[in-house]
Amino acid sequence: MISVPAMLMRGGTSKGVYLLKSDLDHVGTDLNVLLPAVMGSPDHRQIDGLGGGSSTTSKVAIVGPATRPDCDIDYLFAQVDVESMRVDWTPTCGNILAGVGPFAIERGLVAAVDGCTSVRVHLVNTGAVVAVSVHTPGRQVRYAGGLEVSGVPGRAAPVGMVFGDFCGGTTGALFPTGNPLDDIEGVMVSAIDAGVCAVIARAEAFGIAGDESPRQLNNDRGLLRHIETVRLRAAVAMGLGDVTGRVLPKVMLIAKSHRGDLGSRYFVPNSCHPTHAVSGALCLATAATFSDTVAARLLPHRFTAGRLVIEHPAGTIGVEVTGGGTDGISAVLRSSARKLFDGLVFAELGKAVA
C-alpha cells in the first residue's frame, strides 16, 4: 500500500481528486495503475476508493508548475473509468478546472494577493490557456460566497474562467471533418473541436423532445445505441479513428428552450450528464456563432457574440462569447469550487491490478 497527498474538491458540478505532479513523481508509479486504485475502479460503486460511482465523480486533476512561459501552472486531467482500469487522458474538464486555481494557491504553487488572485492555467490535454480568478481576501482562498450554480446545492464564491485559444485542441481543426454540417447515418450533425471534441445534433433526429430527464434517457437503451452508432461514425470522419471505449467525442442533443437560448442533453458519452459540462457549454456556444451549424440553425436569430444561455437537466449555464473566427474567439464562464478534504489517500496497487 502506498500513500499520496491529495485534496478532494467539488469543481463546478463535478467532484475529483486533486494531486500535485511533484508528489506523483516522487511515488514513481504508473498513473494508469495508480489512479484507478485511488478512485476504486473497477467497481460500479468505487466503494474501495474516492470515486463516487459515476463519470462526473471519477475525475483527477494533476497540477504542477507551468511548462510554458505565459502560464502559472499546468493542469492535466484524467478521466478514470468506473467499470474498468481504463484512464482516458484525451479530454479536459472545465468543471474540475474550477478547483485548479484554489488548489494551486492552497499548495503554494501560486502566491495569493489580497482580494482576487489571477491564475493562468495551461490545459495540458488540449493546449488551451485559461485565466482563472479566485477570491482571496486576506491572501486566503475563500470558498463561501453568493454564486448559485445549477446542479450544486447552496451558494459559493465565484470562480471566473476566461478561455482563449481553445479551438482544435484535439484534432487541430475547429471543424475536423472540414464542414460545419455533415450527414452521419442519416442524421445532420456538427462535428466540432472547441474546448472538447463533440458531435452536436438535434434531439428530434433521435426521436426525443430534448427535455427528458437523464434517468429517462439513460433507461432508453435503443436511444443510447443509436447515439453510439452515430458517435462512432462521426469520430472516424473527424480523424479520431475507432473511439470504442473512449470518452471523445462527446454528444450533445439540442432543442429549443423556454428557459434559455438552447436546450442541451450532454452525453459522456454512454449516459446523459446530470447537468452539463463546462467544456461542452463552451463548445456549443462556439458552434452557435457559425451560421451553418446545427446549433446556429436552431436559434431564432443570428448569434455572433454575447451571452448564450444553455438549459440542461438541472437548470442553466451561461457562456459569454467575445471575438470571432477560429483564432480570435474567447469565452467567459463563472463557476465555483469547494475543498472537501485534504490529507493522504492510500492505494492498494496489487488489488487494483487484480
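Predicted model: local features only at pLDDT ≥ 70, side-chain atom pairs only at ≥ 80, totals over all residues.

Q: What volume does the largest pocket have?
A: Its volume is about 620 Å³. The lining has 27 residues. Closest to the centre are Ser 55, Asp 81, Val 268, Asn 270 and Ser 271.

Q: Which helix and which strand each supply at least two residues of that lining?
A: Helix H5 (221-237) and strand E4 (73-80) do. H5 gives the largest share, with five residues.

Q: How do the lining residues of the largest pocket split by class?
A: Ten are polar, nine are nonpolar and eight are charged.

Q: OK, next one. How much space lies in the second largest pocket?
A: About 340 Å³. Its lining counts 21 residues, and the closest to its centre are Glu 148, Thr 316, Ile 317, Gly 318 and Arg 334.

Q: Which elements give two or more residues to the lining there?
A: Three strands: E14 (306-312), E15 (315-322) and E16 (330-335). E15 gives the most, five residues.

Q: And the classes for the second largest pocket?
A: Its lining has seven nonpolar, ten polar and four charged residues.

Q: Where does the second largest pocket lie?
A: Between domain 1 (2-166 + 337-347) and domain 2 (182-328), because both give residues to its lining.

Q: Let's switch to closed spaces. How many cavities of 30 Å³ or more are there?
A: A search of the whole structure finds four. The largest cavity holds about 130 Å³ of space.

Q: What lines the largest cavity?
A: It has 15 lining residues. Nearest its centre are Lys 59, Gln 79, Lys 250, Tyr 266 and Val 268. By class, the lining has seven nonpolar, six polar and two charged residues.

Q: Where does the largest cavity lie?
A: Domain 1 (2-166 + 337-347) and domain 2 (182-328) both give residues to its lining, so the largest cavity lies between them.

Q: New topic. Is helix H6 (residues 278-288) largely enclosed or open, and why?
A: It is largely enclosed by the rest of the structure, because eleven of its eleven residues are buried. Buried here means under 20% relative accessible area.

Q: Which residues of H6 are buried?
A: Val 278, Ser 279, Gly 280, Ala 281, Leu 282, Cys 283, Leu 284, Ala 285, Thr 286, Ala 287 and Ala 288.

Q: What share of the protein chain is buried?
A: Buried residues make up 55% of the 354 residues.

Q: Zoom out for me. How many helices and strands are there?
A: The chain has nine helices and 17 strands. Its radius of gyration is 19 Å, close to the 20 Å that the globule rule gives for 354 residues, so the chain is as compact as a globular protein of that length.

Q: What does the C-alpha trace span?
A: About 50 × 50 × 35 Å along its principal axes.

Q: Last one. Among contacts between residues at least 6 apart in sequence, what share joins residues at least 24 apart?
A: That share is 62% in the protein chain.

Notes
Residues numbered from 1 in each chain as written. Heavy atoms only, no water. 1 Å grid on protein atoms, 1.4 Å probe; cavity = no way out; pocket = protein on both sides within 12 Å on 5 of 7 lines; lining within 4 Å. Points joined across faces, edges and corners; volume = space filled by probe spheres on them. Helix = DSSP H or I, 4+ residues; strand = E, 2+ residues; numbered from the N terminus. Nonpolar A, V, L, I, M, F, W, Y, C, P; charged D, E, K, R; others polar. Domains from an automatic or database assignment. Buried < 20%, exposed > 50% of the residue type's maximum accessible area, 1.4 Å probe, protein only. Rg over C-alpha atoms; globule rule 2.2 N^0.38 Å. Contact = heavy atoms within 4.5 Å.
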